[in-house]
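This report goes through one protein chain, from totals to single residues. The structure is shown first.

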Amino acid sequence: MAQKKEVRLSDIAEKLGISTVTVSKALSNKEGVGDELREQIKELAVQMGYKFKSTAGAEGSTSNVGIIIPARFFSPDASFYWYIFNHLSKALLEKGWYSIMELVSDEDEKALILPRLITDKKTDGVIFLGQLSFEYIKNLAKTYSNFVLMDYYIPDPEIDCIVNDDYYNSYLITSYLISMGHKKIQYVGKFNATTSIQDRYMGFEKAMHENGLDCPFDKIIDDRNAPAELIKMKLPPKDQMPTAFVCNCDMIASRLIHQLTEEGYKVPEDVSVTGYDNFLSEEEKTVPLTTIGVEPQILCSMAAELIINKITGKPYIKGRHLATGKIIVRDSVKAIK
């Protein structure tokens, strides 16, 4: 039986009536090819049985993926992003790629200075973990395409990102509180700080409105002045205290419980509290927290696969990718009549 002939770049080029160079650029995700033609080339390559070659370890490849984190979000002692970075590094290594971290300072972000991992060509692609400004990412996209946003997104459908399904997850945990008899519930988190806090608030708002419950926007309790500059929360007076709080993350839920305790309240006897992430350092742990459990292994595996597909030129679904979560019931919520 004759061996099947291997599909070459020239075979794809001939089918589409374009140059081999154009096909090569499209399949390796290089600049100079329009998005529509790039996807057409990739789809035809799959149909024809073209064998995509991994660039990890290949000549001219660094075999590295950069993980870029805004410095304001990062602390090796207690950072959620340190926790995610470790899972992300493992996910990449399992696929044959190494990871290198770089922190972006607030000053470099404002000045639109790109990471050195990119300008010095130390990686084949990068994952941005943690929210950077819209201007920073748009400026990057003018000259560089092999990147993925993780844990946030910007209003551009052409920018690839991996995020938790924050809207739905927050809707779920708020609905859970309502099912436990709570009707007076307030949200904790500065609305304009990050896209995840915004989406979690919108999920909270949907559940409240769906059940005919009051949730005025001006009743949001701010937890920070900026994305990572936390403040002491201004709690309602005793006669206006809700029966439950929905916090935008576990760290804020822990801080809120400490603050409530200092003011003489007991959780959950007097007031219930929920979190999000299922991640707390030992120092932050208080009452076992009812929360949304996100699966870092799933999130990181999705991000690793997406950036590797972009680097190697394999077809992938562009745009926003969602990872699901689930409610983890512990001791910080009390059922009320």
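## Basis and overall figures

Accessible areas come from the Shrake-Rupley method with a 1.4 Å probe; for residues, only the protein chains shown count as cover. On that basis the protein chain exposes about 16700 Å², of which carbon and sulfur atoms supply 52%. This is a predicted model: local features need pLDDT of at least 70, side-chain atom pairs count only at pLDDT 80 or more, and totals for chains, interfaces and linings use all residues. Residues are numbered from 1 along each chain as its sequence is written, and side-chain values use heavy atoms, with hydrogens and water left out.

The C-alpha trace spans about 80 × 40 × 35 Å along its principal axes. The protein chain has eleven helices and 13 strands; these are DSSP runs numbered from the N terminus, helices being H or I of at least four residues and strands E of at least two. Of its 337 residues, 50% count as buried, meaning under 20% relative accessible area (1.4 Å probe, protein chains only). A contact means heavy atoms within 4.5 Å. Among contacts between residues at least 6 apart in sequence, 68% join residues at least 24 apart.

## Nonpolar cores

A nonpolar core is a set of buried Ala, Val, Leu, Ile, Met, Phe, Trp, Tyr and Cys residues joined through side-chain atoms within 4.5 Å. The largest one holds 29 residues, and Leu88, Leu92, Met150 and Ile307 touch the most other members. At least two residues each are supplied by β1 (64-70), α4 (80-94), β3 (125-129), β4 (147-150) and α11 (296-312). The largest share, eight residues, comes from α11.

Beyond its neighbours within four places in sequence, Leu88 is in contact with Ile67, Ile127, Met150, Cys300, Ala303 and Ala304. A second, separate core has 23 residues, including Tyr171, Ile173, Tyr201 and Val246.

## Thr174 in helix α8

Thr174 is found in helix α8 (residues 166-179). Thr174 is buried, with a relative accessible area of 0%. Its side chain reaches the backbone oxygen of Ser170 at 2.8 Å, a polar contact being a pair of N or O atoms within 3.5 Å; within protein, one must be able to donate a hydrogen and the other to accept it, and residues adjacent in sequence count only if both atoms are side-chain atoms.

Leaving aside neighbours within four places in sequence, Thr174 is in contact with Phe204, Ala207, Met208 and Val246.

## Helix α1

Asp11, Ile12 and Ala13 are buried in helix α1 (residues 9-16). The buried residues of α1 pack against α2 (20-27) and α3 (35-48). After α1 comes Gly17, with a positive phi near 70 degrees.
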